[in-house]
Amino acid sequence: MSEASTLQAAAAVELAVVVRSGFIESRHVGAAVLTSTDATIRAELGDGHQPVFPRSTLKLFQAQTALALGARLNDEQTAIACGSHSGSPAHVAHVREILHASGLDDRALACPASWPRDRASRDALVRAGEASSAVYMECSGKHAAMLAACVAQGWPTDGYLAVEHPLQVAIRDTIERMTRERPSAVGIDGCGAPVFAVSLVGLAAAASRLATASASSPFPLFKAAAAVWRSVLSNGWLIEGHGRPNSLVISELGVLAKSGAEGVLLLAAPDGTAVALKMLDGSNRGTTLVGLQLLVAAGAVDVSRVQQLLPRLGLEVLGGGVLVGEIMVGAGVPTSL
């Protein structure tokens, strides 16, 4: 019996390499798609038509759905709904604001209990004798926004993660409308929410449409898309955390950046040029470098600004605490388009 899957290695290209002491130690293969401002394909590396689970990159479209359904979120709350946050007190405060405005509290969250990814925040909780909690989980902002949408629509909050719940039906509809594809598979994400398999072509096109949506659109879904774009670009630190790759790309370059687990990344430049990519081995360590290189090759981002940012993206390879190499763009990634 054949199983549904993403692209095979034979349909992938080399996206990044790890160089240690002048020796290529590892090669990351995968696929990537670059779309133009009109959401058409400009470049395809490997087979970008095969399905992937977009993982947390879907948060952009889940938040878009929540807004379109009437969730009353300000820009900071919309950004945390799109984020994979580090669980700092400032992040958690925004999550709780969403819940409290809907008459809910932490107990309504159906994502798993977790400790903050931010070490200082985690250590503070341990010293205070606190327990792990769903509100510290990196996806709690998304879940709070989902709950707010349920309250706005009068839908039950119990069971809001079920695939057949009207909220998840609406999210699937958003994904179909933004990607112009029907999901080829449905799974359960790490936070318990449904995750819908689409191609990198569809995912990149959806990001282009998000970036170019008009705030004055008569259609709630596209008005919500413009709100997501504005909120993320003005609150990059809420998407991941100060000094983290997604947040740095947003705040320093004005480029929307959202990573997903298992080597997925979505980028969108202000003009609507977008990149969606997937590393087949599930590693995220070279994704931002590759995505930015594609935007530079397309002329959508200034190369000098990217070069200034690269030293802050954790691309160094160390040996005995000394710099001995770096993560570099692979042979399958063009330098110009």
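Reply: In this predicted model, the helix to examine is α7, whose buried residues are Leu200, Val201, Gly202, Leu203, Ala204, Ala205, Ala206, Ala207, Ser208, Arg209, Leu210 and Ala211. Since buried here means a relative accessible area under 20%, and 12 of the 12 residues of α7 fall in that class, the helix is largely enclosed by the rest of the structure. The buried set includes Ser208 and Arg209 as well as the run from Ala204 to Ala207.

As to its geometry, α7 covers residues 200-211, and the distance from its first C-alpha to its last is 16 Å, close to the 16 Å expected for its 12 residues at 1.5 Å a residue. At the start of the helix, Ser199 places a side-chain oxygen within 3.3 Å of the backbone nitrogen of Val201, and Val201 is itself one of the buried residues of α7.

For context elsewhere in the model, helices α1 (residues 59-68) and α2 (residues 75-82) pack with their axes 8 Å apart and at an angle of about 140 degrees, which makes α1 oblique to α2. Their contact brings Lys59, Leu60, Ala63 and Leu67 of α1 against Thr78, Ala81 and Cys82 of α2, and the residues involved divide into five nonpolar, one polar and one charged.

Methods
Residues numbered from 1 in each chain as written. Predicted model: local features only at pLDDT ≥ 70, side-chain atom pairs only at ≥ 80, totals over all residues. Heavy atoms only, no water. Axes fitted to C-alpha atoms, helices over the stretch in contact; angles between N-to-C directions. Helix = DSSP H or I, 4+ residues; strand = E, 2+ residues; numbered from the N terminus. Parallel < 35°, antiparallel > 145°, perpendicular 65-115°, else oblique. Contact = heavy atoms within 4.5 Å. Nonpolar A, V, L, I, M, F, W, Y, C, P; charged D, E, K, R; others polar. Expected span 1.5 Å × (residues − 1). Buried < 20%, exposed > 50% of the residue type's maximum accessible area, 1.4 Å probe, protein only. Polar contact = N/O pair within 3.5 Å; in protein donor to acceptor, adjacent residues only side chain to side chain.
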